[in-house]
Amino acid sequence: MVGGFDAGFLAEIGKLTKSVSKNKVAADSELIFFSADSKEDLGALPKISKSMKGAAALWIVYPKGQKHITENDVLSGGRKCGLRDVKVVGFSTTHTALKFVIPLSDR
């Protein structure tokens with residue numbers, strides 16, 4: 001978990017696993033949730049992406065319908081780090097999440 005998430009989501013994650021690292025990416029992370037509230041937050045993506053290994057998935061969660069960070073901003077940020085976007089979901093009523101993975105050819 002990198003960035004700020006609401007208490008409800010943190011409680012749900014806590015029910016699923018006891019192994020949750022906050023504000024840093026553990027070396028063996030299978031899932032990474034990154035909260036990006038602005039384009040500037042996307043500056044953390046190079047460091048996060050370098051820590052990914054194998055089939056690890058990075059979910060970038062960002063606000064819906066905002067001009068200060070858009071889906072294109074998030075897509076561009078992930079792709080610049082060599083990641084492939086594979087899924088988009090409505091994370092909540094106020095946020096969207098895009099899933100990125102390391103391309104199969106690079107694993």
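## Terms and model

Two strands pair if DSSP finds at least two bridges between them. Helices (H or I, at least four residues) and strands (E, at least two) are DSSP runs, numbered from the N terminus. The model is predicted: local features need pLDDT of at least 70, side-chain atom pairs count only at pLDDT 80 or more, and totals for chains, interfaces and linings use all residues. Residues are numbered from 1 along each chain as its sequence is written, and side-chain values use heavy atoms, with hydrogens and water left out.

## The sheet

Four strands form an open sheet in the order β1-β2-β4-β3, and the pairing is mixed. β1 (31-35) and β3 (84-90) stand at the edges. Each has a single partner strand, so one side of each lacks a neighbour in the sheet. On average, neighbouring strands are turned by 25° against each other, direction ignored. Axes here are lines fitted to C-alpha atoms, for helices over the stretch in contact; angles run from 0 to 180 degrees between N-to-C directions.

Strands of a sheet pair through backbone hydrogen bonds, either parallel or antiparallel. β1 and β2 (residues 57-63) run parallel, joined by five bridges. Leu31 has Ala57 of β2 as its bridge partner, and Ser35 stands opposite Val61 in β2. β2 and β4 run antiparallel, with seven bridges. Here Ile60 stands opposite Leu98 in β4.

## Helix α3

Helix α3 (residues 71-80) packs on the sheet and touches β2, β3 and β4 (95-101), where contact means heavy atoms within 4.5 Å. Its direction makes about 20° with that of β4.

Which residues of α3 are buried? They are Val74, Leu75, Gly77 and Gly78. Seen down the helix axis, they fall within an arc of 165°, so they line one face of α3. That arc is taken from the directions from the helix axis to the C-beta atoms. The cover over these buried residues includes α2 (45-50), β2, β3 and β4. On the other side of α3, Asn72 and Lys80 are exposed. Just after α3, Gly82 takes a positive phi of about 85°.

Note on methods:
Buried < 20%, exposed > 50% of the residue type's maximum accessible area, 1.4 Å probe, protein only.
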